[in-house]
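Please open the model in your viewer and keep the selection panel at hand. The stops below say what to select next and what is there.

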Amino acid sequence: MKINLRIWRQHNGKEQGRLVQYSLDGVSGDMSFLEMLDLLNEQLTEKGEDPVAFDSDCREGICGQCGVVINGVPHGGQGVAQPVRTTTCQLHMRSFADGSTITIEPWKAAAFPVLRDLIVDRSALDRVIEAGGYISVNTGAAPDAHAVQINKKRSDRAFDAATCIGCGACVAACPNGSAMLFTSAKITHLAMLPQGQPERVLRVKRMVGEQDALGFGGCTNIGECAAVCPKGIPLESISQLNRDLIASLFKHDGKDD
Amino acid sequence: MSTSAKETNAELAAQYWQAGEDIHDAKANVALPIDKIWPDRQFTSRLVNPANRRKMTVIIVGTGLAGGAAAATLGEAGYRVENFCYQDSPRRAHSIAAQGGINAAKNYKYDGDSVYRLFYDTVKGGDYRARETNVYRLAAVSANIIDQCVAQGVPFAREYGGLLDNRSFGGVQVQRTFYARGQTGQQLLIGAYQALERQVNAGTVHMHTRHEMVELIVADGRARGIVTRDMVTGKIEEWFADVVVLATGGYGNVFFLSTNAMGCNATATWRAHRKGAFFGNPCFTQIHPTCIPVHGENQSKLTLMSESLRNDGRIWVPKKAEDCEKDPRQIPEQDRDYYLERIYPSFGNLVPRDIASRQAKYRCDEGLGVGPKVKEVDSDGTEHMRSRGVYLDFSEAIQRLGKDAVEKKYGNLFDMYQRITDENPYEVPMRIYPAVHYTMGGLWVDYDLQSTIPGLFVCGEANFSDHGANRLGASALMQGLADGYFVLPNTITDYLADSPKFPKVDTKHPAAILARQDVESRVNKLLSIGGERTVDSIHKELGHIMWEYCGMERNEAGLVKAIGLIRNLRKEFWTNVKVTGVNEELNQTLERAGRLADFLELGELMCIDALHRRESCGGHFRAESQTEEGEALRHDDTYQYVAAWEWTGEGHKPVLHKEPLIYKSIQVKQRSYK
Amino acid sequence: MAVTGLVLVIFLLFHMFGNLKILISVEDFNHYAGFLRTILNPILPGDTFLWMFRCVLLLCVVLHIWSAARVTKQDYKGKGGRGRYSIKKSLSPDNTYAARTMIWSGIIIVLFVIMHLLQFTIAPAAFGNPHDGPDGRAGMVFTAFGNWIFIVIYVIAMAAICLHVSHGFWSAFATLGANVSGLTRKVLRACSLLVGAVIFFGFLVPPFLIFFGVIN
């Protein structure tokens, strides 16, 4: 089938970007969205033009490296009644009609500067984890794995939150460019486990503080983040974060020393 | 092996490789009982005073399970760690894609498991081509891994009582596999990533993302640094350290299509190989039977589905070629060939990975494959359109267990299949085909994980590893974390103890200047060729050659031919490739071209290694070496060794060094699945 | 923001409840208006309590506006300023018109509150309805809502408040950590709409009845 593309081209972080039109023939429905871009790039390269730069790695929906805004939706999963949970690499061209026009833009947010074309710098998400998204246990210092039993329900909830792939779609979708869903997923994951308790109070303060300092927007409970999340991290996680954050105000061990 | 075969090998050897001296691991004290060797090594390994550690720099390339775990652990110990990855975040390393689980000899199920049994299964599964001291240590530290990960907050599957759940995996008889739904790799990697970020926060680890290692600096006989290219700005930079650790994963992408991530590459290990690190068993690759087949020429990667599907699914192809295009539901039972059940009545669809893979290939070669036709070039140069797929049918399981039970067991896999192929596996049989999945080969290392270059350590899939000729399911995660958390941090100190005596190395050192010049001239060369062919088109061609001649079944004529084809293709690459853009920008074509240049050299070595090993073992099947029933036949008398290859320069024959494998703690057996 | 917002919603509900007293009778309404000025007498002299109450309200309003300004600025910066995507599609049921226009409904409310205070508290005389007329404070109300201009202004203002509350109420609960499941979210959203609607109709019933002469 034939597809018309409008793709964001931006040579580097300093220059202005713009949408450029391409038309691509020979697209098959079995191709993934990124394979369609590969095909475009092969043709551009043959013509001696610069191929479109985009990020991808595992192409099986788990590494979180890929991600572009497709027709106004991060990762492009849009069902009729409900959003379809997908990463860009797991979206297939059969979701598009022959002759349709697809607009492709990078994640846009203050904390995600564009590096080139569809590639943005998401290292701010690493900074948020760095601020406290871990359990401090040195290698070799762990007790036996069966030393603590963990309630299955809580363990499952921890797991649901831990499935976050850090792709940044939540930030791209949020009208405020907020990373609250990302941060709250880690907070919830660790808050559900007994191992996560000693640092729980300090963790939430540090991570939220870091997130604000990095230039992410604030949460206004719009819910776009959870709607596009490829892993279905629920909006409740943000409330969990808020509860922990409020509780930390009243706890002595919540003070940074 | 017959004398004539030996003579043929001698003839080939004269043409493709040279014989070198045997090598040995000198670090493990094999005079001790096997369970005493690791404690002994931990004790004899010299230590570094905590006050001295912060003065020592460790370069670690890669942030997967092995690299991330090593960086976190060495950071905690107080060393200054410089950690590099090509992705935009350390959390993206391809360890994340592992689905099944991680083995550990915890014996929580009380079903007779032990360190020795895990050791035994791993050596046997590797078809007796792994070093037993290393494998025993791997089994011994496996239990610590689980403790460590649980303490980090990895949410392993639990039972209602709150204790950890285990399952049986990959045909072993004990339940020793810990898992986290179908995302075990992701959860373990996130655990290591968090430990790593903690050290970044503590200032002990400096993280360099979107930096690709493009050269190793070997100064005064020691690995002392690396050269990187900043993938955003193109800046080429030297980094110096007391020791260099490579944890850069496997080289499955030499086949172009594999289950590896797009960016997985062999550049770091290959550059090290060119600087003197021996490459161990490069031809040992693992091909996984249950992947989603290729759909067309523009496919960029293959997706694996868990092997567990073979527990209930029945594999078949039509008996008649004219039925292949039909709707499989219209093909009557008597016209179906359940070939695994037919050939291996006792194991049926549960035969090991390599057998299942090879049989699928044979059926498709015979023209009985199903699904979309893909263009292929046969060994005689003719082009064919051929279907590459066999049916994996759940209709019987659905009848027997009910749709709900099947959905409960395999629902997520069925969903994945449907999303990719747009076919409903509850209605129509799935189509599967084997795909390259893991490479057992890698840089040769001793018991300390040190390569033949002093000061260059290699861990995880990047080393020639503990898996011998074939890796068991749920063992890759175990090895990556064992190396990173528990082995390397203990052995590296013995080397670092000497580092205060090392001479200073900086950008003015001749070795550094030379390394930088090499990188720059390579980049300039790639950008100046200005040919006609895209990088991917050449990579795909290399992939076809490797898959056809060095894939599931190899033979002498094919390998000789492949070597010729690869050499021509390499020439084509260096004269006719088209790399757009400049170095001083984010240039993905340039990145890929650099990686492909190395794959084109590695591919040849893989074929030479496959050519020299005239036996079948594990993932390496030589058509010349099979039993009367068509089974893999090892030649322990001739080939019970690790082939460690030494680079001798472009256009020169590599030197083969053998490390004889001596099994003192395990009895060597020939496997049979009839 | 959440806490001050909820305090203001509670105030609004009481305010509305008091207003409705005018439906019973003018005397009742005047009695209630007088009561407001003498709460906690004789422990506290005169209208001390009223002033304390006004101070708290003012503090809430100031804090609410201050945090709104901060969040708006942070969010504007966070999304990277104006002109973000060429196409943006909404997939969330919570991305309502009300949610997107919080700042504008907020500004309308602020302007309205200033007018409202001038009209009924600070300078009623300037609006031609002194509170010491023959019908007391109720008289003020009757004079005001006899004029269709004020009816229009009040409808617009109440619509703004209704919108503001319909997102603000649930959002405040979510921010305070009460959004614990999909079901609670549904309940909170429904409550939010209900509170918005109650405020809208509750405040507009007396003016309309006055305008159409049903009560006088």
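Begin by colouring the chains separately in this predicted model: two pairs of chains are in contact, and of these, chains A and B share the most contacts. Chains B and C, by contrast, do not touch, and their nearest C-alpha atoms are 21 Å apart. For the complex, the predictor gives an ipTM of 0.97 and a pTM of 0.96.

If you consider contacts in chain A between residues at least 6 apart in sequence, 70% of them join residues at least 24 apart.

**Where chain A meets chain B**

Now bring back chain B and select the residues on both sides of the contact, 73 from chain A and 74 from chain B. The size of an interface is often given as the accessible area lost when the parts come together. Between chain A and chain B, the buried area is about 6,400 Å², and carbon and sulfur atoms give 48% of it.

**Where chain C meets chain A**

Next, show chain C, which has a mean pLDDT of 91, with 100% of its residues reaching 70 or more. Select the 32 residues of chain C that are in contact with 42 residues of chain A. In chain C, the residues that lose the most area to chain A are C:Arg84, C:Tyr85 and C:Leu91, which together account for 24% of what that side buries. The two chains, C and A, bury about 2,800 Å² between them, with 46% of this on carbon and sulfur atoms.

Here the rule finds one salt bridge across the interface of chain C and chain A; to view it, display C:Arg185 and A:Glu236, whose closest N and O atoms are 2.7 Å apart. Helix 3 (48–78), helix 7 (148–175) and helix 8 (182–211) of chain C each supply at least two residues of the side that touches chain A. That side of chain C has ten nonpolar, 14 polar and eight charged residues.

**A last stop inside chain B**

Finally, centre the view on B:His288, which lies in strand 12 (residues 285–291) of chain B. Is B:His288 buried or exposed? B:His288 counts as buried because its relative accessibility is 2%, and buried means under 20%. A polar atom of the B:His288 side chain lies 3.4 Å from the backbone nitrogen of B:Thr290. Leaving aside residues up to four places away in sequence, B:His288 touches residues including B:Leu304, B:Arg353, B:Tyr433 and B:His437.

Key:
Residues are numbered from 1 along each chain as its sequence is written. Chains are lettered from A and ligands numbered from 1 in the order in which they are written. This is a predicted model: local features need pLDDT of at least 70, side-chain atom pairs count only at pLDDT 80 or more; totals for chains, interfaces and linings use all residues. Side-chain values use heavy atoms; hydrogens and water are left out. Contact means heavy atoms within 4.5 Å. Buried area is the accessible area (1.4 Å probe) that two parts lose on being put together, summed over both. A salt bridge is a side-chain nitrogen of Lys or Arg within 4 Å of a carboxyl oxygen of Asp or Glu. Helices (H or I, at least four residues) and strands (E, at least two) are DSSP runs, numbered from the N terminus. Ala, Val, Leu, Ile, Met, Phe, Trp, Tyr, Cys and Pro count as nonpolar, Asp, Glu, Lys and Arg as charged, and the others, Gly among them, as polar. Buried means under 20% relative accessible area, exposed over 50%, partly exposed in between (1.4 Å probe, protein chains only). A polar contact is a pair of N or O atoms within 3.5 Å; within protein, one must be able to donate a hydrogen and the other to accept it, and residues adjacent in sequence count only if both atoms are side-chain atoms. pLDDT is the predictor's confidence in each residue, from 0 to 100.
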